[in-house]
Amino acid sequence: MKTENFKSKDDLQKLIEILRQELEQVFFREGSFLHPAVLQMSQQLDEYIVALQKIQ
């Protein structure tokens, strides 16, 4: 994932918030932090958060 794919820091922040909400929904649907879909989404979210921290 490359930060230059985002038009602005605000775009990245918005994406992170959307993914957080989606992660919460997937967790409640699957009922486990260990479900593969939850883990995959969590890892993707982590990558975006790290990218945001690097550009701040």
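Predicted model: local features only at pLDDT ≥ 70, side-chain atom pairs only at ≥ 80, totals over all residues.
Started with Glu17: at 36% relative accessibility it is partly exposed (the class between buried, under 20% relative accessible area, and exposed, over 50%, with a 1.4 Å probe and protein chains only).

Numbering runs from 1 along each chain as its sequence is written, and side-chain values use heavy atoms, with hydrogens and water left out.

Next, salt bridges (a side-chain nitrogen of Lys or Arg within 4 Å of a carboxyl oxygen of Asp or Glu). I find two in the structure.

Glu17 pairs with Arg20, 4.0 Å from N to O. Both sit in helix 1 (residues 9-30), three residues apart, which means about one helical turn between them. Helices here are DSSP runs of H or I, at least four residues, numbered from the N terminus. Arg20 is partly exposed too, at 41%.

The other bridge joins Glu30 and Arg29 at 3.2 Å, N to O. I get 31% for Glu30, partly exposed, and 58% for Arg29, exposed.

Last, the surface patch. Phe33, Leu34 and Leu39 make up a nonpolar one, with about 350 Å² accessible together (areas by Shrake-Rupley with a 1.4 Å probe; for residues, only the protein chains shown count as cover). Patch members need over 30% relative accessible area and no salt bridge; like charges are joined within 9 Å, nonpolar side chains (Val, Leu, Ile, Met, Phe, Trp, Tyr) within 5 Å. Leu39 belongs to helix 2, residues 36-55, and is partly exposed at 37%.

Terms used:
Helix = DSSP H or I, 4+ residues; strand = E, 2+ residues; numbered from the N terminus.
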